[in-house]
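Please have the sequence and the three-dimensional view open side by side. The paragraphs below lead from single residues to the arrangement of the whole chain.

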Amino acid sequence: MPVLEVKNLRKSFGDVKAVQDISFNVEAGEVFTIIGPNGAGKTTTLEMIEGLQPPDAGSIAVAGLSWGKDDSAIKTLIGVQPQSSALFDLLTAEENLDLFASFYPKRKSTAEVLEMINLTEHRSKRVKSLSGGQRQRLAIGLAMINDPQVIFLDEPTTGLDPQARRNIWDIILRLKQLGTTIILTTHYMEEAEKLSDRVCIVDQGTVISLDTPAALIGKLTKEREVRLSFYDGEDAAAQTEEALRGRPDIARMEREGANVTLWSPEPEQALYGLLGFTKEHGYRVEHVSIREMSLEDVFIAFTGKEWRD
Ligand SMILES: Nc1ncnc2c1ncn2[C@@H]1O[C@H](COP(=O)(O)OP(=O)(O)OP(=O)(O)O)[C@@H](O)[C@H]1O
């Protein structure tokens, strides 16, 4: 049985249809990531699943339980990362964890959570003197204090520097190892690609595509982009382009000065042909690279929108 079943969710705010029709299932132990442009309905969807807003229509089952019937049972099963502004500034990290733990019948030990979020040595610091990354880790600690089966993390790394972001990735991966299901939203493509078992792309309140990062990328295209630049300048590039045009393993080619870019469903084969030609003619290649398509390419292709930083 999926740990989360979301069917035909809808929610409007006046004339704004924030969520038009969203359905998905999440299996136990998955990292399931919802991505989408600004205003796509991600937060509204999460808040309905977390029981913070009632949907206008549709159904939500958490481990087979429903809001409105089984509220206190669901609350023991889920953990929600509070916005870092909801932390108590004048309490220490440890005191915040103890306070949140007191709301629940079942809990993890504070020491264990501090260890998981790598704050043991800062446990006696007041929140107001923690860094942004440390506060964010504490917010994730609060989401796990009741030892939940499912944890919701809404943009946990927004605004953090790359190192602080990686520290949060480590926590997410540790939680996954322990079997916790994680529902994540993020604006960082690399993060979604690295952490997620499946990614759900949402736009204008509907699910546009849902699959593993690899399958989403595979759906987009089988082509890879190959770039090549020549020490011997424009002439060498133009000759190479001319000679390779029409090869079956090259879908299309572009040249700009001494740089040639081509797209190929068989980039290795195309490269053999290319390098064979340049060697034969004594053209010296300065740089060769093959670029894999990324989740960012998928996002742009599906939503027609640039990714927000
Ligand atoms: N309480 C509210 N009252 C009125 N409109 C709202 C409310 N909450 C959300 N909306 C609107 O609903 C739409 C979806 O918002 P939501 O916050 O769910 O999107 P999002 O995908 O989380 O966006 P972002 O990436 O910017 O956080 C937006 O147009 C937003 O302005």
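Glu 155 is partly exposed, with 18 other C-beta atoms within 10 Å; a residue is called buried if 20 or more other C-beta atoms lie within 10 Å of its own, exposed if 12 or fewer, and partly exposed in between, with C-beta atoms placed from the backbone. This is a predicted model, in which local features need pLDDT of at least 70 and side-chain atom pairs count only at pLDDT 80 or more, while totals for chains, interfaces and linings use all residues. Residues are numbered from 1 along each chain as its sequence is written. Glu 155 belongs to the loop between strand S6 and helix H6 (162-177). Helices (H or I, at least four residues) and strands (E, at least two) are DSSP runs, numbered from the N terminus. The phi angle of Glu 155 is near 50 degrees, a positive value in a residue other than glycine.

Asp 147 also deserves attention. Its phi is near 50 degrees, again positive in a residue other than glycine. Asp 147 sits in the loop between H5 and strand S6 (150-154), and it is partly exposed, having 18 other C-beta atoms within 10 Å.

In H3 (residues 93-101), the buried residues are Ala 93, Glu 94, Asn 96, Leu 97 and Phe 100. Seen down the axis of H3, these residues fall within an arc of 160 degrees, so they line one face of the helix; the arc is that of the directions from the helix axis to the C-beta atoms. The cover over the buried residues of H3 includes helix H4 (110-116) and helix H5 (132-144).

A further loop, between S3 and helix H1 (42-49), contains Gly 41. Gly 41 is buried, with 26 other C-beta atoms within 10 Å. Leaving aside neighbours within four places in sequence, Gly 41 is in contact with Ala 18, Val 19, Val 202 and Gly 205; contact requires that the C-beta atoms of two residues, placed from the backbone, lie within 7 Å.

Which strand pairs with S3 in the parallel sense? Strand S3 (residues 31-35) pairs in this way with strand S8 (residues 198-203), over four bridges; two strands count as paired if DSSP finds at least two bridges between them. Within this pair, Ile 34 has Cys 200 of S8 as its bridge partner. S8 also pairs with strand S9 (residues 206-211), here in the antiparallel sense and over five bridges. Asp 203 stands opposite Thr 206 in S9. The hairpin of S8 and S9 has two residues between the strands, and Gln 204 in this hairpin takes a positive phi near 50 degrees.

Another sheet is open and is formed by four strands in the order S11-S12-S10-S13, with antiparallel pairing. Strand S11 (252-256) and strand S13 (285-291) stand at the edges with a single partner strand each, so one side of each is left without a neighbour in the sheet. On average, neighbouring strands of this sheet are turned by 15 degrees against each other, direction ignored. S11 and strand S12 (residues 259-264) run antiparallel and are joined by five bridges, and Glu 256 has Asn 259 of S12 as its bridge partner.

Two helices accompany these strands. Helix H9 (residues 233-244) packs on the sheet, where it touches strand S10 (224-230), S11 and S12, and its direction makes about 165 degrees with that of S11. Axes are lines fitted to C-alpha atoms, for helices over the stretch in contact, and angles run from 0 to 180 degrees between N-to-C directions. Helix H10 (residues 267-280) lies across S10, S12 and S13 and runs at about 15 degrees to S10.

The whole chain can now be considered. The protein has eleven helices and 13 strands. Its radius of gyration is 24 Å, well over the 19 Å that the globule rule gives for 309 residues, so the protein is more spread out than a compact globule; the radius is taken over C-alpha atoms, and the rule is 2.2 Å times the number of residues to the power 0.38. The C-alpha trace spans about 75 × 45 × 35 Å along its principal axes. The domain assignment gives domain 1 (2-216) and domain 2 (221-292), with bounds that come from an automatic or database assignment. The C-alpha centres of domain 1 and domain 2 lie 45 Å apart. Of the 309 residues, 34% count as buried.
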